[in-house]
Amino acid sequence: MGKDDWKTVNVKKAMMDEVERMLRTDAVRKDGITNMSQFVDLALREKIERFERMRFEHINMYDDHVKILDNKLGRAGRILSVYFRDARAWCEYCDEHMCVHIQYAWEIPGVREVLAARKIAPPPSRAV
């Protein structure tokens with residue numbers, strides 16, 4: 001990684017001291033974390049994933065589609081449908097066969113089971 005791939009942030013000393021203390025624990029070492037940058041990177045990735053999970057809510061499932069609330073759309077969120085037809089998924093909102101809504105639909109255990117039984121291929125994994 002080059003110098004342009006990094007940004008600097010200010011963190012309170014007390015928080016830095018706490019992270020340094022955590023870096024000396026077996027639990028953190030078990031995860032392969034050996035320095036402050038790795039610890040902060042992991043913490044931020046986990047927080048981003050948590051907020052992304054809060055973005056979507058599974059509303060309902062029907063024979064050929066699933067209803068999802070995307071809290072990021074509009075003021076109060078928007079309910080949209082992801083359809084599963086002809087062994088392909090299609091998002092009515094994005095008008096696409098691959099989008100975050102389709103990826104989220106596959107994260108819902110009950111939906112995943114039905115789609116797998118119908119031989120509908122899962123989307124590639126999301127990279128954070």
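The accessible surface of this protein comes to about 9,500 Å², and carbon and sulfur atoms account for 53% of that. Keep in mind that this is a predicted model. Of the 128 residues, 26% are buried.

Now the overall layout. The protein has 5 helices and 4 strands. Going along the sequence, the order is α-α-α-β-β-β-β-α-α. Along the principal axes, the C-alpha trace spans about 55 × 35 × 30 Å.

Two more totals for the whole chain. Take the contacts with a separation of 6 or more: 25% of them are between residues 24 or more positions apart. As for charge, there are 23 positive and 21 negative charges, and their mean positions are 3 Å apart.

Next, please look at helix α4, residues 100-107. Is this helix mostly buried or exposed? Of its 8 residues, 6 are buried, so the helix is largely enclosed by the rest of the structure. The buried ones are H101, I102, Q103, Y104, A105 and W106. What do they pack against? Their partners include two helices, α3 (36-55) and α5 (109-117). They also pack against the strands β1 (56-61), β2 (65-70), β3 (78-85) and β4 (88-91).

On to the aromatic rings. A pair of aromatic rings is described by the distance of the centres and the angle of the planes. The whole structure has 2 aromatic pairs. One of them joins Y83 and W90, with 6.0 Å from centre to centre and 35 degrees between the planes, which is a tilted arrangement. Y83 has a relative accessibility of 17%, so it counts as buried, the cut-off being under 20%. W90, at 27%, is partly exposed.

Last, the backbone. Most residues other than glycine have a negative phi. Which residues go against that here? One is D95, with a positive phi of about 55 degrees. D95 lies in the loop between β4 and α4, and at 53% relative accessibility it is exposed. Another is K119, where phi is near 65 degrees. K119 sits in the segment after α5 and is exposed too, with a relative accessible area of 70%.

Methods. Residues numbered from 1 in each chain as written. Predicted model: local features only at pLDDT ≥ 70, side-chain atom pairs only at ≥ 80, totals over all residues. Heavy atoms only, no water. Phe/Tyr/Trp six-rings, centres within 6.5 Å; stacked < 30°, edge-to-face > 60°. Buried < 20%, exposed > 50% of the residue type's maximum accessible area, 1.4 Å probe, protein only. Contact = heavy atoms within 4.5 Å. Areas by Shrake-Rupley, 256 points an atom, 1.4 Å probe, with all protein chains shown as cover. Lys, Arg positive; Asp, Glu negative; His and termini not counted. Charge placed at Lys NZ, Arg CZ, Asp CG, Glu CD.
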